[in-house]
Amino acid sequence: MEVCEGSGIKYEFSNIIPAHLSDVKCIAATSLGQIISGSRDECVKVFSERDNNYMEDITLTNAERLAVNALAFYLCPKYGWLIFAGRKDGSIAIYVSGNDKPTRILHEHKMNVCTLYVDAENGKLMSGSWDNNAIIWPVQEIVSGSDFNALCLVGHRLSVWAVASIPERPDFYLTGSADLTIKFWKDDNEINSFSGHEDVVRSLAVISKHRFFSAANDFTIRLWDIDSGVCLQKYSSLSGEYIYSLAHANISGHNLMANSGEGGFLEIWDVNDDGSLTHKQLIRTPAQSLWSLTFLKNDDIAVGANDGNIYLFSTSANRKADANRMELFQSAVAKKIAESEAMLAAQQNEIVKIKVALDDGEPHIELRYKKGSDPYDAAQTFLIENNLPASYMNEVAQYIIENIPEARQATNTKITQSRSAQKVVVDGKEWDYAFDVTTDDGRVLKLPYNVGEDTNWAAQRFVEKNNLPIKFLEKVSTLLRLQVPGAFNNASSGGFGNFNDPFTEGRYVPGTSANSQTSNGIRFVPDPFTGGNAYVSNSSATMPSVRPSVDKKRPRGELVPLPDFFQFGIEQASTKAIIKLRELNEMQTKYKISEEQLCALEDILKTSTYEPRDIHVSAIDAGFGWDMDAIIPVMDVFRLALLNRTLNRIYCSVDAEGGKPARGLETMQQLTNFLVSANSDPVRILACRAMANAAMHQWGRSMLIHDVNTTVKCVAAQLNSTKHALQLAAATALANWALILLRHTESGKIAELGPREDTLRAIIEVIENFVSFGDFNQIALIRLLQAIVTLMWGDVTVIQLAKGHDIIGITNRIKDAVVDESGKAIARDIAEMAYSL
């Protein structure tokens, strides 16, 4: 399936190589006509053509079981062929002819190596990484095993996704980054920075010693003059999708450019003599993502896809797919198009469209609301798309709620599940509400309550704790229902409706004994967790003597599993932060913050009731340009900003909205970089606090679980610190992660248990060798236990993993160090879970 323009060379589908079990993330061609591919399935494979089919010659595995995300090939006169494989942990494995094991592994990068490039003429290997750096390696030295000096190009603020050299100008290099810039280097000295792309720069292609192309997630290709730094031309992909890979080649005297990316599109352009592009072909494949492409020795094009396949396209009639193969390919593409159209149609049926009039004008602006979603999300999207001020937010949201029944239902549901951003501390624990209750004897007691709890259950807890008469139950429960919007109790629920477990967000249905009466008129109210009889709401009632059986793999208590997310609120903000912020700003030159921006940051530090505006975002963005030794007050602002719904959405969303790029992955990467690169404990503390606070809203939670394994390891490593504040921040972030993963697993949003297992394994690997936890912060220990018990909660596989790593011995050592009895109880619950298998 293709769109074709112009004349001349035309590419058609040739073949499919079923190469890998997972995404083909990178692909390279050899001068001998072979195809090399690397995959998330942890393998590197080499394929050779035989009778118009490609056969697997070699499989190169790695003992460390690491995903391969970048490849480069070099035919070395001395050592034969060399394959460089960039891996997820930041290492680069070097494979040499005749050996299926790496002969050397380079470990200079600290995070995922996402791009590799070989300058064959000058014998240099270039690498780019999520650690924000690029490195220039001397090929002969690193292969021979001798000592070498590598150049580290430091200057980008975010991941380096693209690297290229200028062969005709030795020691000159280009790098493209998620910070939206392209930098030009002489050795390791930055000469110039090219700006213009509106999203992550993903690929570079040098066409002469004076010009190069760049491609980005903003679905544009740009032509640049190297020396002047000027963008000469901008071309938009007809696919309108992210561009991941760009390649340039001379085919039979014609200069061609090809790009691939999201949506499964391959695009081909003619490169004219002046460097300008003329669109030639747009070819669609059955894949969702085409991660990498290369031109082959025979002029064919190979692209690596997310479905594990390598798709081949050719201009040669001899290599064009036969009728049967072509029909299968076109049927697969047609099926994908049909599925996409069906999904779009289904989404359209879920969308309510209303014409809206602002002020006294005619109704000409379209307001779209997805049934069941948060009306405030729809209102915010509407404001962003139509460039309207934030002051309209409540008015638009209320309009949606009042006019769309599904919006009213979604709002009512959300009220029962939401929690207050500002917590009240009662007996050392945070609550959504705390009410003063006066008893008959004149005592004034604090009644704590969390949104989503059954009011009867909360009332029983309060009565039992304060040794009050049973007659108080009904009064306390009624008080909560009257004072808390959306508060509920099961006695008034009217039977078998939908109930939300406050621990897992899953659905539960009380047993048939619910709301039953005995012969003497005593009414039994079901326990919201077990369906059994928890208490009797009658002055003469007594607690039932028979308790329902307990599932030891699912222990329950006030702290188990983790009932809700922790946050580091404004009460942890230092009054000195504002003073320090202004002092450090005076020392800035390139990223100095204006007075208006400073006032915006002070708003965030002082109060939680500010109205977020563009000035808040621009101020934070400018502050993140500060050096590591000055960034602490900016990070203090940022972790508080993530508690705000609007700013959380801006910085944590992993999906583009309203025409604006998603920033969530960049935020996660930046926070992770702080943990990896910062030598400052305060920076690492604030990075962990920011991650913890991100969990307070749905966008932050989606961001946190996007790539759990890498980030959780960095956070868990902070438990090695002797600083109590860092221990607490890390343990809190891990506890919030545990609850996110539990809720998603219980609700069916995560099909596999891998993330829970990976997170628990990361924690255990750090703490299993601790002989004693006596030097740990007490609250950090309890939250660490809550993280462990919540990760294990209810699943045999995860419990078995924990048991196999001596979780009983680990938690016993923690229990010995914990003073509070509630912490010891969590340790006992963990042991019981392990013993239950």
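## The chain as a whole

Buried residues make up 55% of the 837 residues in this chain, and the model that shows them is a predicted one. The chain has 22 helices and 39 strands.

## A sheet of four strands

In an open sheet of four strands, the order is S3-S4-S5-S6 and the pairing is antiparallel. Strand S3, residues 24–29, and strand S6, residues 53–60, are the edge strands, and each of them pairs on one side only. Neighbouring strands of this sheet are turned against each other by 25° on average, if direction is ignored.

Strand S4 can be followed through its pairings with two other strands. With S3, which runs antiparallel to S4, there are five bridges, and in this part of the sheet Ile27 stands opposite Ser37 of S4. With strand S5, residues 44–50, strand S4, residues 35–39, pairs in the antiparallel sense over four bridges, and here Gly38 has Val44 in S5 as its bridge partner.

Both pairings also involve a hairpin. The hairpin of S3 and S4 has five residues between the strands, and Gly33 takes a positive phi near 95° in this hairpin. The hairpin formed by S4 and S5 has four residues between the strands, and in its turn Glu42 has a positive phi of about 80°.

## How strand S4 is enclosed

Why can strand S4 be described as largely enclosed by the rest of the structure? Five of the five residues of S4 are buried, and therefore the description applies. In a regular strand, side chains alternate between the two faces of the sheet. In S4, Ile35, Ser37 and Ser39 point one way, while Ile36 and Gly38 point the other way, and all of these residues are buried.

## Aromatic rings and charges

A search of the whole structure finds 20 aromatic pairs. One of them is made by Phe624 and Phe638, whose ring centres are 5.0 Å apart and whose planes stand at 80°; because an angle over 60 degrees counts as edge-to-face, the pair is given that name. This pair links distant parts of the chain, since Phe624 is in the loop between helix H10 (614–623) and helix H11 (632–641), whereas Phe638 is in helix H11, 14 residues apart from it. Phe624 has a relative accessibility of 9% and counts as buried, and Phe638, with a relative accessibility of 3%, counts as buried too.

Elsewhere, Phe13, Tyr311, Phe313 and Phe329 form one aromatic cluster. Rings also take part in arrangements with charged side chains: the charged end of Arg169 sits over the ring of Phe172, at 5.1 Å from the ring's centre, and the charged end of Arg202 sits over the ring of Trp161, at 4.0 Å from that ring's centre.

## Asn693, a residue in a helix

Asn693 is found in helix H14, which covers residues 681–694. Is Asn693 buried or exposed? Its relative accessible area is 0%, and because a value under 20% counts as buried, Asn693 is placed in that class.

A polar atom of the Asn693 side chain lies 2.8 Å from the backbone oxygen of Arg639. If residues up to four places away in sequence are not counted, Asn693 touches Gln567, Phe568, Arg639, Leu640, Leu642, Leu643 and Asn648.

## Ile207, a residue in a loop

Ile207 lies in the loop between strand S19 (201–206) and strand S20 (211–216).

Note on methods: Residues are numbered from 1 along each chain as its sequence is written. This is a predicted model: local features need pLDDT of at least 70, side-chain atom pairs count only at pLDDT 80 or more; totals for chains, interfaces and linings use all residues. Side-chain values use heavy atoms; hydrogens and water are left out. Buried means under 20% relative accessible area, exposed over 50%, partly exposed in between (1.4 Å probe, protein chains only). A polar contact is a pair of N or O atoms within 3.5 Å; within protein, one must be able to donate a hydrogen and the other to accept it, and residues adjacent in sequence count only if both atoms are side-chain atoms. Contact means heavy atoms within 4.5 Å. Rings of Phe, Tyr and Trp (its six-membered ring) pair if their centres lie within 6.5 Å; planes under 30 degrees apart count as stacked, over 60 as edge-to-face and the rest as tilted. A charge sits over a ring if NZ of Lys or CZ of Arg is within 6 Å of the ring centre and within 35 degrees of the ring normal. Two strands pair if DSSP finds at least two bridges between them. Axes are lines fitted to C-alpha atoms, for helices over the stretch in contact, and angles run from 0 to 180 degrees between N-to-C directions.
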